Amino acid sequence: NRRALGLPAPARVRASQLVPCGMLSDLPDAQLIDEGGSGDESVVVPAAGPRGRSRLAVAALVGLILVVLGVTMLYSSIPPRSVLRGAAAPLRLEEVVAEGKSESRHQESQLADEVSEAPSEKPSKAPQPTKAKHVPVAEEAEIQGKAEEADEEETAEVAEKDEALEAPVEREEGEASSPTKAEKVPEAEKSDPEGEAEAAQKSESPAEGEAPTEVEPDQQPKASGKKHESAHGAENSGATVEEKNRASGDEVSSTNEQGDAAEEVGQKSAVEEADAEADGDDEASSKSSEEDEPMAPAEEKPPACKRYHADMTPSLFCWSVMFDGDVTLLTSQLTGKAGIFACNDYAIISSMDKVVGKDECGQDIRTWQEDLPKVEKGMYGVNAETSSWLNVPVFLICWDRAIRSGKVWDADFTVKLDPDAVFFPDRLAAFLKPHTGKPIFTTDCRFWGGDQVGKLFGAIEVLSKQAVGAYKDNAETCKNLGWQRWGEDMWMQNCMDASKIPAVGMFDQVSDDTCPLGGGAPCSDGSKVIFHPKKDAGQWWDCWKQSAKPAAGQ
């Protein structure tokens, strides 16, 4: 019917897809249509009438109003250009540019006058007219704030600079006759414009290792102008221009401040260079003065003290046991540096802790104190195999002490000597020289003429270093020998025999009155190593002198 009448077809929407079941009644003017009796129902919504069109028009109008309001609010959030720039900004910038050009012309005329007045000075670079940059409007407010801050910093730096320059000038007035390092720089700044120009060039040149900084043309004339103004006292015009520039807040003020900063850097670098040169001169002069001064001769240390017979070869370590009756005898021998005290090294073992005297170096000679036992004298055929002292326990201790001292290992031979034996160590050394380095001990008494081995009598006992080592290795064997009826000389001979150490007889070198076939030689015999016994110190020294004279004549 609608097609026949020319009406628009109604919109068809499947009810199952658009409206949930049970809500079809909410659709106004809707009809359910079952097409073909298939059970597939559709909703027929009639075309919009006059009331629907009015609603659409209202909705469109509301939307348009909302769009207009949004655009208006967005535009109003952007500040107008006049607010950012200010009403008088264009005019003020033009005025500042004009003032900058006027200032540059004034500086050019001033430099021309100075060059004409001082022809002998090196001409400085002609200043170029200051070019004012076009500053964006958005940056003018920020530039003005920075200018005010720079003004405050410049004021503080100028005050510090004035204080630093006033101090050297005051010292120069008080000490004109002797200028110091601090005075050199201000004087050069006052009277040497050429040096100022060089210092400015040095300050402008980049330091080693730094990238060169490009200086705009409008900065150079300001720096040079400021220097000539300070040299000739023309600072009022520059100060006036700076005040105007700070009031305007444009880049001309910033350019002037950069020129001032360059001037200060140049002056500081000049001061530092002058100080460095002065320090270098002082160091060079001090070094030259030190080189010119003659070197004081080094103090020669006195040679270390050495005993008289320290270098005798083969070397002898000599020691004796001191009992109460031997103190005077040994003290006199130490005073005269004779007997055992003429060996390479020596020692006295005693139950007493006593200083016997001083050696050649002024050092005290003190006894090696040991707890020595009391012993008795034997009776041959009754309680002993000797008529001498049964003193093996004493010498067991003394030999151990000599070995512990280490001195037996420093000498080629160790000599045990009775204090009452007149002893000539140099003669013994000459006799022992062929036996150096061999394990030997000496015998010195014969009981009959055909005895080739002889007996070891205790006035003198000589053991080589190797023989002492054998005793140390066989100490237990030697100490366990049946020595209770022996004297110490018989014990030592049996110990050497048990250690397989051969004997060397020196029968002709020993005069011992206790030996049946070995005594009675006169003290005038200069070949004897010992004369025994001489228990009194007077007898001892008389025999020593008698034997020493023939030896000296030989």
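**Close-up views of a predicted model**

Ser320 is buried, with a relative accessible area of 1%. This and the other views below are drawn from a predicted model.

View 1. Ser320 belongs to strand S4.

**View 2. The largest pocket.** The space in this pocket amounts to about 1,500 Å³. Its lining is made up of 46 residues, and Ser388, Trp389, Asn391, Asp418 and Asp489 are the closest to the centre. Two or more lining residues come from each of strand S4 (316–322), strand S9 (413–417) and helix H18 (488–498). The largest share is that of H18, with 6 residues. Sorted by class, the lining holds 19 nonpolar, 13 polar and 14 charged residues.

**View 3. The salt bridge between Glu370 and Arg404.** The N to O distance between these side chains is 3.3 Å. Glu370 sits in the loop between strand S8 (368–369) and helix H13 (392–405), and Arg404 sits in helix H13, so the pair ties together parts that are 34 residues apart in sequence. Glu370 counts as buried because its relative accessibility, 16%, falls under the 20% cut-off. Arg404, in contrast, is exposed, with a relative accessible area of 56%.

**View 4. The salt bridge between Lys416 and Glu461.** Here the side chains meet at 3.9 Å, N to O. Lys416 is part of strand S9 and Glu461 is part of strand S12 (residues 460–464), so this pair ties together parts that are 45 residues apart in sequence. Both Lys416 and Glu461 are buried.

**View 5. The salt bridge between Lys306 and Asp311.** The closest N and O atoms of this pair are 2.8 Å apart. Lys306 is partly exposed, at 49% relative accessible area. Asp311 counts as exposed, at 56% relative accessibility.

**View 6. A nonpolar surface patch.** Val58, Leu61, Val62, Leu64, Ile65, Leu66, Val68 and Leu69 make up this patch, and together they have about 760 Å² of accessible area. One of them, Leu64, is located in helix H3 (residues 50–76). Leu64 counts as exposed because its relative accessibility of 52% is over the 50% cut-off.

**View 7. Two cis peptide bonds.** Most peptide bonds are trans. The bond from Thr313 to Pro314 is cis, with omega near -10 degrees, and Pro314 lies in the loop between helix H11 (251–292) and S4. The bond joining His532 and Pro533 is also cis, with omega about -5 degrees. Pro533 is in the loop between strand S15 (530–532) and helix H19 (537–553).

**View 8. Two lysines with positive phi.** Most residues other than glycine have a negative phi. Lys337 has phi near 55 degrees and is found in the loop between helix H12 (327–336) and strand S5 (345–350). Lys337 counts as buried, at 18% relative accessibility. Lys500 has phi near 65 degrees and lies in the loop between H18 and strand S13 (503–505). Lys500 counts as exposed, at 71% relative accessibility.

Conventions: Residues numbered from 1 in each chain as written. Predicted model: local features only at pLDDT ≥ 70, side-chain atom pairs only at ≥ 80, totals over all residues. Heavy atoms only, no water. Patch = residues over 30% accessible without salt bridge, like charges linked within 9 Å, V, L, I, M, F, W, Y side chains within 5 Å. Areas by Shrake-Rupley, 256 points an atom, 1.4 Å probe, with all protein chains shown as cover. Salt bridge = Lys/Arg side-chain N within 4 Å of Asp/Glu carboxyl O. Helix = DSSP H or I, 4+ residues; strand = E, 2+ residues; numbered from the N terminus. Buried < 20%, exposed > 50% of the residue type's maximum accessible area, 1.4 Å probe, protein only. 1 Å grid on protein atoms, 1.4 Å probe; cavity = no way out; pocket = protein on both sides within 12 Å on 5 of 7 lines; lining within 4 Å. Points joined across faces, edges and corners; volume = space filled by probe spheres on them. Nonpolar A, V, L, I, M, F, W, Y, C, P; charged D, E, K, R; others polar.
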